[in-house]
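Here is a short report on the pockets and cavities of one protein model. Please look over the structure before reading on.

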Amino acid sequence: MSSSSLQSHRIAVIGAGSWGTALGAWLANNGHTVRIWDVDQKVIEDINHHHQNSQFFPDIELPNGLQGCNTLESAIESCSAVVVAVPSRVFDLAMNSVSDHLHLMDSGTKPIIIWGTKGFDSETGDLLSEVTTRILKDRATTATIAGPSFAYEVIRGMPTGFHLASTNAEDIESIANMFRNTTSLVYTTDDIVGVQVGGATKNVIAIAAGIADGLGFGINTRALLITRGFAEMNRLNIALGGKTETLMGLSGMGDLFLTCSGDLSRNRRLGLGLGSGKQLDSILEEIGQEVEGLQSAREIYHVGKKLEVFMPMTERVYRILYEQLPPMQAAMELLAIGPSIPDRNQ
Ligand SMILES: NC(=O)c1ccc[n+]([C@@H]2O[C@H](COP(=O)([O-])OP(=O)(O)OC[C@H]3O[C@@H](n4cnc5c(N)ncnc54)[C@H](O)[C@@H]3O)[C@@H](O)[C@H]2O)c1
């Protein structure tokens, strides 16, 4: 692809939920022609007829450059890039659909496939980059974008920082340039593992932070939990081949801080509910949207176990969610573990 930072692209966004809509609006505001598609056609009608996604952003008028499509084919046709923003639970499905329609993309350039989804594959526990490579092989240039970025703030143009990760050194800057503008700082890295591990694991620690707050603990406890949570995120990161310096950046520490402290985080809100004694079903009903950390906790727990990574906080969150471990007992168990041998110095 060309490396001009001012180049305007034709981009398809798959998934018009909170993040897909924010990404679509952001890219359209950057001057790209953006077509968005979702399995839920109501949201597409909303976008086309009212220039709105009234479920998530009832007060935001979406840009004219963002157009809803009724079929995946019409969204992808002649595009040079596709951005996938579906929950990790259906990432494999969505990427397979993209793969089936790759031949419809602009034939003049190698397709660019970017994902904003965070998580691990729900069936295999693989990183989404592994899922993508398995499906697309070398037929596309791939990248992921992640960082401390609540869609609510991104769509309002509030200053936000991101990591864009790709192993394609030649195209990484031009892909990042699609997203860059005066309020969006996009830092590039080739550490695609580190960026994905940060984005997925922070959801689990955010649940833990919410639980601690819900139990009535204070800011000391939250700081303890964020720091110790980071240590176990990084142990998994290293075991999977990611770099600590990546995790120290926006997609790791940055996103961890955001989700552990911001009440816009569905994961944190789930934890708050559990800590204050509510039942899981009623919390999920109250939130009314998909809470990705619920699934991530299970996947990360299993990946950690397989790789023999010491992840006491993830294990407690998993047991609270799936084995009815009472939150206060989980807190007591974590305190009893204390500064144990594998992580004494972190
Ligand atoms: N919401 C945020 O602030 C935010 C920010 C950064 C990253 N993310 C990540 O983006 C991903 C999506 O999150 P979200 O908040 O937008 O979720 P969401 O639940 O708000 O929206 C997901 C959308 O995907 C659609 N969808 C489901 N299956 C599909 C398929 N097979 N093909 C096309 N569309 C499909 C759903 O109908 C829904 O509209 C998650 O991995 C999340 O971690 C979210």
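## The largest pocket

About 1400 Å³ of space lies in the largest pocket of this predicted model. Its lining counts 48 residues, and Gly 17, Ser 18, Trp 19, Phe 56 and Arg 266 are the closest to the centre. Helices that give two or more residues to this lining include H1 (18-29), H2 (41-50), H11 (250-261) and H12 (266-275).

The lining of the largest pocket has 19 nonpolar, 17 polar and 12 charged residues. Domain 1 (10-190) and domain 2 (194-339) each supply at least three residues.

## The second largest pocket

The second largest pocket holds about 510 Å³. It has 27 lining residues; Leu 224, Met 313, Ala 331, Leu 334 and Leu 335 lie nearest its centre. H8, H9 (219-240), H15 (312-322) and H16 (327-337) each give two or more residues to the lining. By class, that lining has 19 nonpolar, three polar and five charged residues.

## Cavities

The whole structure has two cavities of 30 Å³ or more. The largest cavity has a volume of about 40 Å³. Among its lining residues are Trp 115, Lys 118, Leu 128, Thr 144 and Gln 196. Strand E6 (141-146) and helix H8 (192-214) give two or more residues each. H8 gives the most, with four.

Where does the largest cavity lie? Both domain 1 (10-190) and domain 2 (194-339) give residues to its lining, so the cavity lies between them.

## Confidence

The chain averages a pLDDT of 95, and 96% of the residues score at least 70. Over residues 1-5, pLDDT stays under 50. Where pLDDT is low, the predicted coordinates should not be read in detail.

Definitions and conventions. Residues are numbered from 1 along each chain as its sequence is written. This is a predicted model: local features need pLDDT of at least 70, side-chain atom pairs count only at pLDDT 80 or more; totals for chains, interfaces and linings use all residues. Side-chain values use heavy atoms; hydrogens and water are left out. pLDDT is the predictor's confidence in each residue, from 0 to 100. Contact means heavy atoms within 4.5 Å. On a 1 Å grid over the protein atoms alone, a cavity is a set of points where a 1.4 Å probe fits but cannot get out, and a pocket is an open set with protein on both sides within 12 Å along at least five of seven lines; lining residues have an atom within 4 Å of a point. Grid points are joined across faces, edges and corners, and a volume is the space filled by probe spheres set on the points. Domain bounds come from an automatic or database domain assignment. Ala, Val, Leu, Ile, Met, Phe, Trp, Tyr, Cys and Pro count as nonpolar, Asp, Glu, Lys and Arg as charged, and the others, Gly among them, as polar.
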